[in-house]
Amino acid sequence: MEPCLEKLVKKIKCRDDIIKQLYSLIGTKDEPMPQSIFIYGHVATGKLLVIFHLLKYLQYNFSIINCIEFINCKHIFEYILNDLIPDLTSNPDLANNIGNVKCDNIVTFITKLQLISSYDNRPIIIVFNKCMHMRDTDSRLFPVFLRLKELSNINVCTIFISNVVWEKCYTHGGLFEPIKIYCTQYNREEMLNILLLYKPKDYSDTIYKNYLNLFLSVFYRFCRDLNELRYMAKINFNKYIEPIKSGLIKEDDVSGLWRNISTTLISNLEVIYLRVSTEDFVQHSNASKEIESTAKLALSFELPFYAKYILIAAYLASYNPPKEDKHIFVKLSSKKKKKVSRKKTTTNMQSGPRSFLISRLLAIFCTILNEKVDVNAILLAQIPTMYQLGLLASVDESNLDEPKLKCCVNHNFVLIIAKTVGINLRDYLFDPE
């Protein structure tokens, strides 16, 4: 094996096949480079890591760009040229010939690329990371860079790195087909060996390896992203070693340590992509949990279609001042500005739900429904049902002809109900700002 390969294989774990395959394509300086190479695979599988260290060891003239960071072709051309231009202080002739690196089109880019190659005999490698975003910048970039060697007539190779397959990365037919290399996901044993490299200094390999076996038994089935697993392994290790520090459990008692950590690992599995731990989630997300529980409660109520509108109307009648109904609900008055101070609005919302008459409820109901509906006994019979569910309450039962009601649900509950019927609640609230 080449000395280069031996060093890279020791430095980059579990990517031996990719290193050897790339080295066979671009490892010899005296041989012509291939036109283009397309490397694809799952996120965090070492694609860019292998290419960067290989090019750095081979000491090629290379440029690596992230396609997400650029908004037009000009930025891409100028970034590549800035990377590829050698030190101009030691090359005054090149400095005079190339001028500035401003580049607006592909013709100027190729011309300056040829000039750089004439002063620097090293092979040129241009790497496009996350190349699937190039089509969002300019659809003409892919065909040009795929055949850049042919267009420029210099020893240059373009390498494209993608998280999706070639067919999904660029759909137009008739393109030059690059050499495709698939970067496989890490299996469980490879993932364990890589995570073992991030072991804390104060603990032995045996303790951390036992921990990683328990950790991967929970997380590996649901997540293969090395970055996420490395983060979660780091923040959960402190919980794992707590009983060892306190002397409650010995470090070789794997079953006891598993019983102590299993609940925490399973809980953290639910928030793995949120980049938080369970403790952080409990401490800093109480409001989010309350909203989530409210959403579940709201969705658990299988209310009829018109009953949902009645509940929304009841909430609006409870929190909107009666004198503002005309400005809010009448279409012709929507052009008028609401001249109300914010102080008054805040007081109104914080004072709790106010009572309202059934006639006002039905008027708001017919307005937000925006369709002709027969207000009959079947429709009105849904109001007593909402009493029993605790959604509405009767305030004044002395007036049997038209008792006063009050809405008993909070804003988040009604917001979920409104979304199920396609209503933007803020549009009907009095000065929602």
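Modeller: Before the linings are discussed, one convention is needed: Ala, Val, Leu, Ile, Met, Phe, Trp, Tyr, Cys and Pro count as nonpolar, Asp, Glu, Lys and Arg as charged, and the others, Gly among them, as polar. Please note also that this is a predicted model.

Colleague: How do the residues of the lining of the second largest pocket divide into nonpolar, polar and charged?

Modeller: The lining consists of L195, Y198, P200, Y208, R230, Y231, A233, K234, F237 and N238. Tyr and Pro count as nonpolar, whereas Lys and Arg count as charged. The division is therefore seven nonpolar, one polar and two charged.

Colleague: Which elements give two or more residues to the lining of the largest pocket?

Modeller: The largest pocket has a volume of about 510 Å³. Its lining has 22 residues, and A44, T45, G46, L49 and L226 lie nearest the centre. The elements that give two or more residues to this lining are α3 (47–58) and α13 (226–246).

Colleague: How many residues of the lining of the largest pocket are charged?

Modeller: The lining of the largest pocket includes 11 nonpolar and six polar residues. The charged residues number five.

Colleague: Is S36 buried or exposed?

Modeller: S36 lies in strand β1, residues 36–41. Beyond its neighbours within four places in sequence, S36 is in contact with L146, C157, T158, F160, F176, P178 and I179. Buried means under 20% relative accessible area. The relative accessible area of S36 is 1%, so S36 is buried.

Colleague: Which element supplies the largest share of the largest nonpolar core?

Modeller: This core has 39 residues, of which L311, I312, L316, L361, I368 and L425 touch the most other members. Elements that each supply at least two residues of this core include α17 (305–319), α20 (358–369) and α23 (411–420). The largest share, 11 residues, comes from α17.

Colleague: Which residues does I312 touch, not counting those up to four places away in sequence?

Modeller: In soluble globular proteins, nonpolar side chains tend to be buried together. I312 is among the residues of the largest nonpolar core that touch the most other members. With that exclusion, I312 touches I368, V414, I417, A418, V421, I423 and L425.

Terms used
Residues are numbered from 1 along each chain as its sequence is written. This is a predicted model: local features need pLDDT of at least 70, side-chain atom pairs count only at pLDDT 80 or more; totals for chains, interfaces and linings use all residues. Side-chain values use heavy atoms; hydrogens and water are left out. On a 1 Å grid over the protein atoms alone, a cavity is a set of points where a 1.4 Å probe fits but cannot get out, and a pocket is an open set with protein on both sides within 12 Å along at least five of seven lines; lining residues have an atom within 4 Å of a point. Grid points are joined across faces, edges and corners, and a volume is the space filled by probe spheres set on the points. Helices (H or I, at least four residues) and strands (E, at least two) are DSSP runs, numbered from the N terminus. Buried means under 20% relative accessible area, exposed over 50%, partly exposed in between (1.4 Å probe, protein chains only). Contact means heavy atoms within 4.5 Å. A nonpolar core is a set of buried Ala, Val, Leu, Ile, Met, Phe, Trp, Tyr and Cys residues joined through side-chain atoms within 4.5 Å.
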